[in-house]
Amino acid sequence: MTDLHTHILPAMDDGAEDVKTSIDMLRAEFCDGVDVVALTPHFYRHREDPEKFFRRREKSYAMLKAAINALKQGEKEKLPELVLGAEVAWWPGIADMDELELLCIGDTQNLLLELPFAPWDAGIINNIYNIMGKFGITPVIAHIERYLHMQSKSVLRDIFSLDVPIQLGCESLLHPALRGTALKLIKRDNAHFVASDCHNMSDRRPNMKPALDVVYKKFGDDITDSLLYCAESLAKE
Ligand SMILES: [Fe+2]
């Protein structure tokens, strides 16, 4: 199982505050059956130059790797494989950024993209087309359920017809008030994989297994397997 959207890197953003929390989160992921974790800290272009972000990410990753290497062999084996990435917040100039490829997940051309928490317009849709056309990058839309209430039906139709991978947050499948919408998104093929977007070990902890159990209970093997396969292929394409 692959968790493609996490904030596990230590002291990097509003996710894990230290290495101990990072290791605890990775252990929790592994216990859930997750064997590949993408590390996707927030990247906000208006706050930080890409060079500075890459330096901070490298330092945080080195810190985590050193802590993992210091574990006993038996403990090291009970952690998932790690892949570096980012959760890139959309901004108007995103399609002009030369370093965009370096923000993709691992060796892939897949970019985890966080869209604005505001009504979207045609400019955003065009921008997504430009990212694909100019760089050959596939934007992967993060946590679709969090934007829905702000969007018109027509802009959602446009987004869903882009034919790009769309992520659903595990939390939406576990929350009774959000579950119906989350399952509907999966049923209509408007969400293609689930990821935890975990930030800590308390209120936003790793939760892949319970979320996928909800999907399995409702839809059975085929749909659950297709969500799992989609996440796996996006991490290692
Ligand atoms: Fe996130």
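Two strands pair if DSSP finds at least two bridges between them. Strands (E, at least two residues) and helices (H or I, at least four) are DSSP runs, numbered from the N terminus.

## Basis of the model

This is a predicted model: local features need pLDDT of at least 70, side-chain atom pairs count only at pLDDT 80 or more, and totals for chains, interfaces and linings use all residues. Residues are numbered from 1 along each chain as its sequence is written, and side-chain values use heavy atoms, with hydrogens and water left out.

## The open sheet

In E2, Val36 is the bridge partner of Thr2. Two bridges join E1 to strand E2 (residues 36–39), and the two run parallel.

Three strands make up an open sheet. Their order is E1-E2-E4, with parallel pairing. E1 and strand E4 (81–84) are the edges. Each has a single partner strand, so one side of each lacks a neighbour in the sheet.

## The iron site

His5 (NE2), His7 (NE2), Glu87 (OE) and Asp197 (OD) coordinate the iron ion at 2.1 to 2.2 Å. Donors are N, O and S atoms within 2.8 Å of the metal (3.2 Å for Na, K and Ca); water is not among the atoms, so sites may look incomplete. Along the chain the donors follow the spacing H-x1-H-x79-E-x109-D. His5 lies in the loop between strand E1 (2–3) and helix H1 (19–31), and Glu87 in strand E5 (residues 87–89), so this pair ties together parts 82 residues apart in sequence.
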